[in-house]
Protein chains: 2
Amino acid sequence: MKATANANANIALVKYWGKRNEKLILPHNSSISVTLDGLKTTTTAEFSKNFHKDEFTLNGERKSGEEAKKVSAHLTLIRKMFRRKEFCRVESQNNFPSSAGLASSSSAFAALTLASISALGFNPKPKELSIIARQGSGSASRSIFGGFAEWKKGVQVGGGDSYAVQLYPKEHWPEFRVLACIVSEEEKKVKSRAGMKQTVETSPFYRAWLATVEEDLKKTRRAIKEKNIGLLGKTAELNCLKMQATMITTAPSIVYWEEGTLKAMHAVWQLREEGVNAFFTMDAGPQVKITCLEKDLQKIKQRMNSEGFGKIIESRPGDGTVLSTKHLF
Amino acid sequence: MKATANANANIALVKYWGKRNEKLILPHNSSISVTLDGLKTTTTAEFSKNFHKDEFTLNGERKSGEEAKKVSAHLTLIRKMFRRKEFCRVESQNNFPSSAGLASSSSAFAALTLASISALGFNPKPKELSIIARQGSGSASRSIFGGFAEWKKGVQVGGGDSYAVQLYPKEHWPEFRVLACIVSEEEKKVKSRAGMKQTVETSPFYRAWLATVEEDLKKTRRAIKEKNIGLLGKTAELNCLKMQATMITTAPSIVYWEEGTLKAMHAVWQLREEGVNAFFTMDAGPQVKITCLEKDLQKIKQRMNSEGFGKIIESRPGDGTVLSTKHLF
């Protein structure tokens, strides 16, 4: 009863920010993302009657705090759904910094969901996986799918219609690239979960943010369909700035930006002034992710390097969550 | 027909951002400010039948572009009101960097209004001065008064009820201090006037911003009355962040923040975590202005120095616009 799954983290082009149901993780708005082949989590889940509790190891380090609790809560949900009682040992590896706003929870809970359910001997459909992964971390619902995915917010109280669907597989737009410029590898002070709750409760702009999302979704779907990097990049950049603006105006204010964040933003705008199709997006952290096409990659990387960004993770549209090995004893 | 006037720049604690009438400079919301004795403009205006055009000199440099046009337009307004025809030579000195978001237009148009009207031999009341100064630059309406002033937005189409009043003179709160940390002395790329127009027209958050201002005005009036630095500082900081959020979300986005701005903001938050009553506010530029009390001044200055801010302009509540000399020929 052991299985290993890989998942790519995804970056939202139209952001998920704020829940209508905290427990079930149901969002106020739909969101669109692309998985990133450069950001990968590999997770092995092993259930056994001999285990007396759940255990979670991340990058070789045994975890005991908040992270271990969230993993165990997700395993409990899965045990309940599949009527099983065994405890589980989970071993995860990220090939990128955790908790620094690189969407590690999206790949983490996508991989955990598939690995653990597979280890229990089940083979659920992507929709089910997405619904279950969502309850571990909202953005994980989208990492089930490779390429471009949309998480439909749904309207049902129980969340049965709140899951991601694939818009286009990774083969649809192979020239699409994302460069994640690492501004800081420190753990962020305010976790996304707490941040979005604070925003929904206190930002005077939250309702206005929601009112603009449908239009951004429409533009983004069209931009991906037509492979229009300008429309995609501009829409995603403004969508991100709107989300950031709702954070900045919470009480107390949440500013994930650091000096390097501003530097990278200005560098991207400078590139655009020079005619290069480079656009940024940021999440609940200081890192700046640049969306662009393959043909502009070298120029953008060189510029960001010369601006002092030594660590840049390059991605193209990645895979969905994939089962790699499965051992049933 | 020559007169010289001094005026202090003011910094808004509750911001003015967006006009309901571009020509008359009528704002969408009321605002509250404090004049800063460290930021001073001295302006001499001389009218003569021998002059064949208006001339404007700033810090010893003859101006010909946009600035000269704005000065001349203001002189034309004043000539029309006072039924005079002579051209005017204007000489101004700022003791601080111009056009870098230090509210130089507030002191500029306040001093120009008083100097030029005085040079013409008139002696208008503060309310009239405020209404006229407002039409040169909105924030100048507040610089007519020393200490703390409120610019009442007014409701009349002609703007006759849109002027500033003094809330408290500078003697009311002598311990109050503002430290302007100079992040950059470069001229800003987007002028306030263009920036606020763009915001009103395109930010999806502009209406939500307006809806929160009345509450901020109330809190700020009370904080000044009670000399409550915590309430004043927090209200002003959040008000500023809300205004910044409306800018950030305009299309195209306006981000006046630079790397140093973020650094200063984080330093101020760090000071607060350590129990120091330091609060920031920013305007349409990268500079960070810290509101505090005299007793915390040294600690804050030392910290900001050690964070790399070498140029800090210290102010206490300053004077209103004052006539210094008047020569009638």
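User: What makes the count of salt bridges across the interface of chain B and chain A zero?
Analyst: This is a predicted model. A salt bridge needs a side-chain nitrogen of Lys or Arg within 4 Å of a carboxyl oxygen of Asp or Glu. Across the interface of chain B and chain A, the rule finds zero such bridges.

User: How many residue pairs are in polar contact across the interface of chain B and chain A?
Analyst: Two, both at pLDDT 80 or more. A polar contact asks for a pair of N or O atoms within 3.5 Å.

User: Which helices of chain B supply the side that touches chain A?
Analyst: α6 (206–226), α7 (229–248) and α8 (259–273) each supply at least two residues. α8(B) gives the most, with seven residues. The residues on this side of chain B divide into 14 nonpolar, six polar and six charged.

User: What area is buried between chain B and chain A?
Analyst: About 2,100 Å². Carbon and sulfur atoms give 79% of that area. Phe205(B), Val255(B) and Glu259(B) supply 25% of what chain B buries against chain A, more than any other three residues.

User: How do you know that the copies meet through the same surface?
Analyst: The contact takes 26 residues from chain B and 26 residues from chain A. Of the interface residues of chain B, 100% are also interface residues in chain A, so the surface is the same.

User: Why is the relation of chain B to chain A called a two-fold axis?
Analyst: Chain B can be laid on chain A by a turn of 180° and a shift of 0.0 Å along the axis, with an RMSD of 0.0 Å. That is the relation of a two-fold axis.

Note on methods. Residues are numbered from 1 along each chain as its sequence is written. Chains are lettered from A and ligands numbered from 1 in the order in which they are written. This is a predicted model: local features need pLDDT of at least 70, side-chain atom pairs count only at pLDDT 80 or more; totals for chains, interfaces and linings use all residues. Side-chain values use heavy atoms; hydrogens and water are left out. Copies are superposed by least squares on the C-alpha atoms of residues with pLDDT of at least 70 in both. Contact means heavy atoms within 4.5 Å. Buried area is the accessible area (1.4 Å probe) that two parts lose on being put together, summed over both. A polar contact is a pair of N or O atoms within 3.5 Å; within protein, one must be able to donate a hydrogen and the other to accept it, and residues adjacent in sequence count only if both atoms are side-chain atoms. Helices (H or I, at least four residues) and strands (E, at least two) are DSSP runs, numbered from the N terminus. Ala, Val, Leu, Ile, Met, Phe, Trp, Tyr, Cys and Pro count as nonpolar, Asp, Glu, Lys and Arg as charged, and the others, Gly among them, as polar.
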